[in-house]
Amino acid sequence: MSTIKACIFDLDGVIVDTAVYHYKAWKRLANELGFDFTEEDNEKLKGVSRVRSLEIILAIGGVTKTPAEQAELAARKNEWYVDMISHMTPAEILPGAKAFLETCRAEGIKTALGSASKNSMTILNKIGLAHLFDAIVDGNHVSKAKPDPEVFLKGAQAVGVTPAECVVFEDAIAGVQAAINGGMKVVGIGLPSVLAEANIVVSGLDKITLAEIEKL
Ligand code: BG6
Ligand code: MG
């Protein structure tokens, strides 16, 4: 008998690959401010909140802005980002993600989203997966960013299970740490060298089964 009662999924990098859209929008903003922003720099923003991402970018450019200017810059970037994600389609769902969610549902395992993004509903509606989640917790519902476990603990609470009964799926180091900090098992999605703290690391949801997760 499995002790796993819920699977909690990060969105960006686990269900869909939106990093490219974040990158394009941040790069455009950096360029408007007079400096460049590379794909390598973009790696530093995985799992990081919008506000914190802007701070990292301004530090890269050696640019100082007032809080009011920062709010305007973050809003400008988000407008471009929302414009891009509004064209997303189900074809952009990462391999195995939809099937994995459907299997959870068929096996009676609860599903929750645990994302830092404030745009998660827009994305889930565009890719047509919103109906496969029992609970959606995102950047609109939390005050503490990963590696704080708040987003995952709220997800567990929303589906009525304890942290020990959850498995989290994460592609960001801060997200893996958030799951561990919350007392949950965690499947890293990405490279074992990067996500070494996870219980197991695979390249995508098409590379793992519920049977394997139950043995973690
Ligand atoms: C995370 C992404 O899921 O959401 C980060 O990995 C992003 O790159 C963060 O900054 C916040 O997203 P949004 O959509 O609220 O700007
Ligand atoms: Mg992610």
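A backbone N or O atom of Gly47 sits 2.8 Å from an oxygen atom of ligand 1, which makes a handy place to start with this predicted model. Here a polar contact is a pair of N or O atoms within 3.5 Å; within protein, one must be able to donate a hydrogen and the other to accept it, and residues adjacent in sequence count only if both atoms are side-chain atoms. Leu45 also brings a backbone N or O atom to 3.0 Å from an oxygen atom of ligand 1, while for Ser53 it is an N or O atom of the side chain, at 3.5 Å from a ligand oxygen. On its own, ligand 1 has 390 Å² of accessible area (Shrake-Rupley method, 1.4 Å probe), and the protein covers 96% of that 390 Å².

Who else is around? The shell of ligand 1 holds 15 residues, with Asp12, Val48, Ser117, Lys118 and Asn119 as the closest; to be near, a residue needs a heavy atom within 4 Å. By class, the shell has four nonpolar, seven polar and four charged residues. In this scheme Asp, Glu, Lys and Arg are charged, Ala, Val, Leu, Ile, Met, Phe, Trp, Tyr, Cys and Pro are nonpolar, and the others, Gly among them, are polar.

The chain is assigned domain 1 (6–17 + 90–213) and domain 2 (19–85), with bounds from an automatic or database assignment. Ligand 1 lies between them because both give residues to its shell. Their centres, taken over C-alpha atoms, are 24 Å apart. Eleven residues of domain 1 are in contact (heavy atoms within 4.5 Å) with eleven of domain 2.

Residues are numbered from 1 along each chain as written, with chains lettered from A and ligands numbered from 1 in written order. Local features need pLDDT of at least 70 and side-chain atom pairs 80 or more, while totals for chains, interfaces and linings use all residues; side-chain values use heavy atoms, without hydrogens and water.
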